[in-house]
Amino acid sequence: MRLDPVEFRKAMGSFATGVTVITVDFENEIHGMTANAFTSVSLDPVLVLVCVDRRARTHAHLHARQRFGVNVLAANQRPISEYYARPFQTHTHAEEEAGARFDRTTHGTPVLHGALAYLECRLHTVQDAGDHTIFIAEVEDVVVRSGEPLLYFRGKYQAIGPPIE
Ligand SMILES: Cc1cc2nc3c(=O)[nH]c(=O)nc-3n(C[C@H](O)[C@H](O)[C@H](O)COP(=O)(O)O)c2cc1C
């Protein structure tokens with residue numbers, strides 16, 4: 001019996017996540033991609049992974065640049081998540097359309113203003129995995145800010161509720 005892909009998506013959508021934008025410098029332009037297939041992997045060395053669709057432009061950019069940023073979105077950054085989930089030709093209108101503004105690290109990696117956390121990542125290992133690729137990266141630096149996270153659950157954006165006592 002073949003697993004129903006719709007049911008698989010529903011099952012995985014039950015696993016609530018935060019939302020990130022993966023940023024990469026590509027020929028001096030800022031490229032971003034919304035991603036929630038992001039997790040920590042190892043503490044020593046400090047490794048994280050992100051799974052990227054082989055058809056995404058980000059896929060080629062990560063291979064080429066070997067370095068990227070992970071920006072953990074704050075609750076008020078839903079327009080930024082939506083913007084970077086669309087298959088645009090260019091991302092030159094990110095500020096006008098979604099309010100996304102960036103700095104650069106000393107490595108040139110774009111850092112999103114207002115994100116809850118930023119991780120500066122250097123590619124460590126690439127693993128083919130079906131129609132996606134697992135990019136495992138060493139974390140070289142982090143920045144953490146206070147605030148509330150943007151969440152994603154069963155195909156919808158959500159805000160965090162009160163703590164469970
Ligand atoms: C909440 C959310 C999470 C997503 N997570 C991922 C992900 O982890 N990996 C992925 O390849 N695409 C993910 N996507 C889809 C990409 O953001 C989308 O395909 C994007 O257009 C790819 O951009 P690119 O072709 O410019 O790289 C996600 C979309 C949304 C809305």
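## Strand 1 and its sheet

Strand 1 and strand 11 (residues 150–153) pair in the antiparallel sense, with two bridges between them; strands are DSSP runs of E with at least two residues, helices are runs of H or I with at least four, and both are numbered from the N terminus. Two strands count as paired if DSSP finds at least two bridges between them. Within this pairing, Gly18 lies opposite Leu151 of strand 11. The model is a predicted one, in which local features need pLDDT of at least 70 and side-chain atom pairs count only at pLDDT 80 or more, while totals for chains, interfaces and linings use all residues. Residues are numbered from 1 along each chain as its sequence is written.

The pairing belongs to an open sheet of three strands, ordered 1-11-12 and antiparallel. Strand 1 (17–18) and strand 12 (156–159) each have a single partner strand and stand at the edges, so one side of each has no neighbour in the sheet.

## The chain as a whole

The chain contains four helices and 12 strands. Its C-alpha trace spans about 45 × 40 × 35 Å along the principal axes. A compact globule of 165 residues would have a radius of gyration near 15 Å, and the 16 Å of this chain agrees with that; the radius is taken over C-alpha atoms, and the globule rule is 2.2 Å times the number of residues to the power 0.38.

Of the 165 residues in the chain, 28% are buried. A residue is called buried if 20 or more other C-beta atoms lie within 10 Å of its own, exposed if 12 or fewer do, and partly exposed in between, with C-beta atoms placed from the backbone. Among contacts between residues at least 6 apart in sequence, 62% join residues at least 24 apart; a contact requires C-beta atoms, placed from the backbone, within 7 Å.

## Strand 6 and its partners

Five of the six residues in strand 6 (residues 67–72) are buried, so the strand is mostly covered. Strand 6 pairs with strand 2 (residues 20–26) in the antiparallel sense over four bridges, and Thr23 stands opposite Gly69 of strand 6. Strand 6 also runs antiparallel to strand 9 (residues 117–129), to which six bridges join it. In that pairing, Val72 has Ala117 of strand 9 as its bridge partner.

## Strand 5, its hairpin and Val48

Strand 4 (residues 38–42) and strand 5 run antiparallel and are joined by four bridges. The two strands form a hairpin with four residues between them. Ser40 has Val48 in strand 5 as its bridge partner. Strand 5 also pairs with strand 10 (residues 132–144), in the antiparallel sense and over seven bridges; there, Leu49 stands opposite Ile136 of strand 10.

Val48, which lies in strand 5, is partly exposed, with 19 other C-beta atoms within 10 Å. Not counting residues up to four places away in sequence, Val48 touches several residues, among them Phe38, Val70, Cys121 and Val139.

## The nonpolar core and Ile22

In soluble globular proteins, nonpolar side chains tend to be buried together. The largest nonpolar core of this model has 30 residues, of which Val21, Ile22, Leu73, Ile80 and Ala115 touch the most other members. Such a core is a set of buried Ala, Val, Leu, Ile, Met, Phe, Trp, Tyr and Cys residues joined through C-beta atoms within 7 Å. Leaving aside neighbours within four places in sequence, Ile22 is in contact with Gly32, Met33, Ala35, Val50, Thr58, Phe68 and Val70.

## Thr34 in strand 3

Thr34 is found in strand 3 and is partly exposed, with 18 other C-beta atoms within 10 Å. Its contacts, leaving aside neighbours within four places in sequence, are Val19, Val21, Ser81, Tyr84 and Ala85. Thr34 and Ser81 are 47 residues apart along the chain, and 5.6 Å separates their C-alpha atoms.

## Around the ligand

The ligand has 16 residues around it, and Ala35, Ala37, Asp53, Ala56 and Thr58 come nearest; a residue is near if its C-beta atom, placed from the backbone, lies within 6 Å of the molecule. Strand 3 (29–35), strand 5 (47–53) and helix 2 (57–65) each supply at least two residues of this shell.

The shell divides into 10 nonpolar, three polar and three charged residues. Here Ala, Val, Leu, Ile, Met, Phe, Trp, Tyr, Cys and Pro count as nonpolar, Asp, Glu, Lys and Arg as charged, and the others, Gly among them, as polar.

Note on methods: Contact = placed C-beta atoms within 7 Å.
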